[in-house]
Amino acid sequence: MAPRLFVVSGPSGAGKGTLVSRVREARPDLGLSVSATTRDPRPGEEDGVAYHFLTDEAFDQAIQEGRFLEWAHVAGHRSGTLLSEVDKNLSQGHSLILEIDVQGALQVKEIYPDAVLVFIEPPSKEELERRLRGRGTEAEKDVQLRLGIAAQEMELASSYDARVINDDLEVATHELLDVLSSFESE
C-alpha cells in the first residue's frame, strides 16, 4: 500500500489539533508535518513541536526559496507547510497527516490530486464561538475575525473528500480513524 497524504482542516476552534493528536496516538505510524507560522507561540507551545515559529523575514525567505507546499494568510498571520516535512515522511513510506487551514488544503489538492481532504466541523456556530472564547488566548477582535473566517471556511466543506462533525470527541476520533482506513484500503 502506497503512503497517502491526508489533509485535516476546518475552522479555528473545531478541534482539529485535538483530533489529530488522538488519531496519531491510535496510529503512531502516521507521519505529522509541523507547520510554520509567523504568529507568536501560545502558552505551552514549543518551537519545532507545535509549529516552526518564524519571523516575517524568515517566512519571506522560505517563500522566495520555494520551500513551501502551501502557505496562506490566516487571522492576521501567515502559516504554511514546508515541502521538506512532506517529502521526508512520504519518502520513508509513511502516510502523512497535515493539519492546515482551508486555503492551504485546497492548494495541496492542486499539487497532490490524490491527497485526501477531511473537513472537521463544529456541531454548531454557537459551539464554535463558545470554544474560541473558552480558550481565553485571544482578544475580542481576534475572536470576531476567526468567527468571520469560520463562516467562509464552512461554505467550502463540500469541496472535501470527507467530513467529520466534532460534537463528541470519542465519536469524532473513531470517525476520523475510519475515514483514514477507508482511503488507505482503496
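Reader: Is Ala14 buried or exposed?
Author: Ala14 is buried, because its relative accessible area is 0% and buried means under 20%. Bear in mind that this is a predicted model.

Reader: Where does Ala14 lie?
Author: Ala14 lies in the loop between S1 and H1.

Reader: And what is Ala14 in contact with, leaving aside neighbours within four places in sequence?
Author: With those left aside, the contacts of Ala14 are Ile120, Glu121, Pro122, Leu128, Arg131 and Asn166.

Reader: What about Ser12, where is that?
Author: Ser12 lies in the loop that runs between strand S1 (5-9) and helix H1 (16-26).

Reader: Why does Ser12 count as buried?
Author: Ser12 has 12% relative accessibility, so it counts as buried, the cut-off being under 20%.

Reader: Which residues does Ser12 contact, leaving aside its neighbours within four places in sequence?
Author: Ser12 is in contact with Leu128, Leu132, Arg135, Arg146 and Glu153, once those neighbours are left aside.

Reader: Which residues does the UniProt "binding site" annotation cover?
Author: In UniProt, an unreviewed entry gives a "binding site" annotation to Gly10, Pro11, Ser12, Gly13, Ala14, Gly15, Lys16 and Gly17.

Reader: Which of this set are in the lining of the largest pocket?
Author: From this set, the lining of the largest pocket takes in Gly10, Pro11, Ser12, Gly13, Ala14, Gly15, Lys16 and Gly17.

Reader: Switching to helices. How do you describe two packed ones?
Author: By the angle between their axes and the distance between the axes.

Reader: OK, at what angle do H5 and H6 pack?
Author: Helix H5 (residues 125-135) and helix H6 (residues 140-154) pack at about 145 degrees, and their axes are 10 Å apart. The H5 and H6 crossing is right-handed.

Reader: Which residues make that contact?
Author: H5 contributes Lys125, Leu128, Glu129, Leu132, Arg133 and Arg135. From H6 come Glu140, Val143, Gln144, Arg146, Leu147, Ala150 and Met154.

Reader: How many are nonpolar, polar and charged?
Author: The contact of H5 with H6 has six nonpolar residues, one polar and six charged.

Reader: Back to H1. How do H1 and H7 cross?
Author: The axes of H1 and helix H7 (residues 169-184) cross at roughly 60 degrees and come within 10 Å. H1 passes H7 in a right-handed crossing.

Reader: Which residues are in contact there?
Author: On H1, the residues are Thr18, Leu19, Arg22, Val23 and Ala26. On H7, they are Leu169, Glu170, Ala172, Thr173, Leu176, Leu177 and Leu180.

Reader: And by class?
Author: The contact of H1 with H7 has eight nonpolar, two polar and two charged residues.

Note on methods: Residues numbered from 1 in each chain as written. Predicted model: local features only at pLDDT ≥ 70, side-chain atom pairs only at ≥ 80, totals over all residues. Heavy atoms only, no water. UniProt positions renumbered as here; feature names shortened; annotations may be inferred. 1 Å grid on protein atoms, 1.4 Å probe; cavity = no way out; pocket = protein on both sides within 12 Å on 5 of 7 lines; lining within 4 Å. Helix = DSSP H or I, 4+ residues; strand = E, 2+ residues; numbered from the N terminus. Buried < 20%, exposed > 50% of the residue type's maximum accessible area, 1.4 Å probe, protein only. Contact = heavy atoms within 4.5 Å. Axes fitted to C-alpha atoms, helices over the stretch in contact; angles between N-to-C directions. Left-handed = near helix turned anticlockwise from the far one by under 90°. Nonpolar A, V, L, I, M, F, W, Y, C, P; charged D, E, K, R; others polar.
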